[in-house]
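Visitor: Hi, I have a new model open here. Could you walk me through it?

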Amino acid sequence: MNDKGLTTEQRFELIKRNTQEIVQEEELKKLLKEKKNPVVYWGTAVTGKPSLAYFFPLLKLDDFLRAGFKVKVLLADLHGALDGTPWIDLENRYDYYKEAIKQIFLALNADLTKIEFVRGSEFQLKPEYSYDVLQLASLNSIRDCTKASAEVIKSSDNPKLGGLIYPIMQALDEQYLDADVQFGGVDQRKILMFARENLPKIGWTRRIEIMNPMIPGLIGKKMSSTDAKSKIDLTDNGNIIKDKIKKAECVEGDPDNGIMAFLKYVIMVIKEDSKKKFIVKRDKKYGKDLEYSNYYQIERDFVKKELHPMDLKNAVAEEIISLLSKIDKKKLDSLALKAYK
């Protein structure tokens, strides 16, 4: 969906909604005034399987599309290798990620014609890129790179050198993708600030960095691509989804959990934009069905304990099943057999 005729302020507010931080807001406002179709890039390393959590950043990218941006999705195969993906699996992981992300965009009714998929190794192996990697490597210490990658790369007592190269490459990706904005999770904040600090040192312009909050997992932590209990896979069937949601943490009266977060940042954004209501069906002995027009109404009733966790879970499970019904699960399962041996 592309919203035509939006003012600069409306474009700004559309981009800002459901983000945690923009560095810097004034730079973004200036960009929107001066450039009709800026470029935003969002990247993901080809590691574990994309899960339901991917709906959040990709739904946010649809906001960028509606605000007139061109979206570039970086499928970072070399970053995946630096973060532990076997080199022999990179080709198949890339194929899986590209198909999975395309299908999520389609499920969200995003305009694929305005989205460009870029494979990292297509430009990251070029001499000029390698030259800039060496330049930044000469300007930063092991401590600098370790600090920048701390919340993104798997840590150990004897870390691989690749983890230190990771933030240098992610910074340079902004330049070589010709991006005006990099969008990522707040867990990447240190890398994004590393990019702003370092690109000007070698003659490149610092970019605007926009971050979304992290959605908690079903067991009370960040959704993980490797922890089956904390996430819902794109290919999970209805029974598995209902079972995972049933077992998810959702303490009565406490909205700080993965169920409520997914409601806030995905389900209710879709509902509100399409002017549809979120319906919670209840057994008649517990009262009539409930209808909600926005997330804050849901949170109010949940905190007041007028909305029971199980009723909420059942309604959320049905919404997730509906979302994932648009995914070609057979195709993804087929690609997964090659990508995740």
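Visitor: What share of the contacts in the protein chain with a separation of 6 or more comes from residues 24 or more positions apart?
Guide: That share is 76%, where contact means heavy atoms within 4.5 Å. Before we go on, this is a predicted model, so local features need pLDDT of at least 70 and side-chain atom pairs count only at pLDDT 80 or more, while totals for chains, interfaces and linings use all residues. Residues are numbered from 1 along each chain as its sequence is written, and side-chain values use heavy atoms, with hydrogens and water left out.

Visitor: How many helices and strands are there in the protein chain?
Guide: The protein chain has 15 helices and 8 strands. These are DSSP runs numbered from the N terminus, with helices (H or I) of at least four residues and strands (E) of at least two.

Visitor: What percentage of the residues is buried?
Guide: Buried residues are 54% of the 341. Buried means under 20% relative accessible area, exposed over 50%, and partly exposed in between, using a 1.4 Å probe and protein chains only.

Visitor: Let's zoom in on Leu312. Is Leu312 buried or exposed?
Guide: Leu312 is buried, at a relative accessible area of 0%. Its place is in helix H14, residues 309-324.

Visitor: Which residues is Leu312 in contact with, leaving aside neighbours within four places in sequence?
Guide: Leu312 is in contact with Cys250, Ile259, Met260, Leu263, Phe278, Val280, Ile298, Phe302 and Leu307. For Ile298, which is 14 residues away along the chain, the C-alpha atoms are separated by 9.1 Å.

Visitor: Switching to rings: how many aromatic pairs does a search of the whole structure find?
Guide: The search finds 9 aromatic pairs. In one of them, the rings of Phe64 and Phe183 have centres 5.6 Å apart and planes at 50°, so the pair is tilted. The rule is that rings of Phe, Tyr and Trp (its six-membered ring) pair if their centres lie within 6.5 Å; planes under 30 degrees apart count as stacked, over 60 as edge-to-face and the rest as tilted.

Visitor: Where do Phe64 and Phe183 lie?
Guide: Phe64 is in helix H3 (residues 55-66) and Phe183 in strand S5 (residues 181-185), so the pair links distant parts of the chain, 119 residues apart. Phe64 is buried at 0% relative accessible area, and Phe183 is buried at 1%.

Visitor: What about Tyr295 and Tyr296, what kind of pair is that?
Guide: Tyr295 and Tyr296 are edge-to-face, 5.5 Å centre to centre with 75° between the planes. Tyr295 is buried at 4% relative accessibility, whereas Tyr296 is exposed at 56%.

Visitor: Backbone next. Which peptide bond is cis, with omega near -5°?
Guide: The bond from Val23 to Gln24 is cis. Gln24 lies in the loop between strand S1 (21-23) and helix H2 (25-34).

Visitor: And what is phi of Lys275?
Guide: Phi of Lys275 is near 55°, a positive value in a residue other than glycine. Lys275 sits in the loop between helix H12 (258-273) and strand S7 (278-280), and is exposed at 76% relative accessible area.
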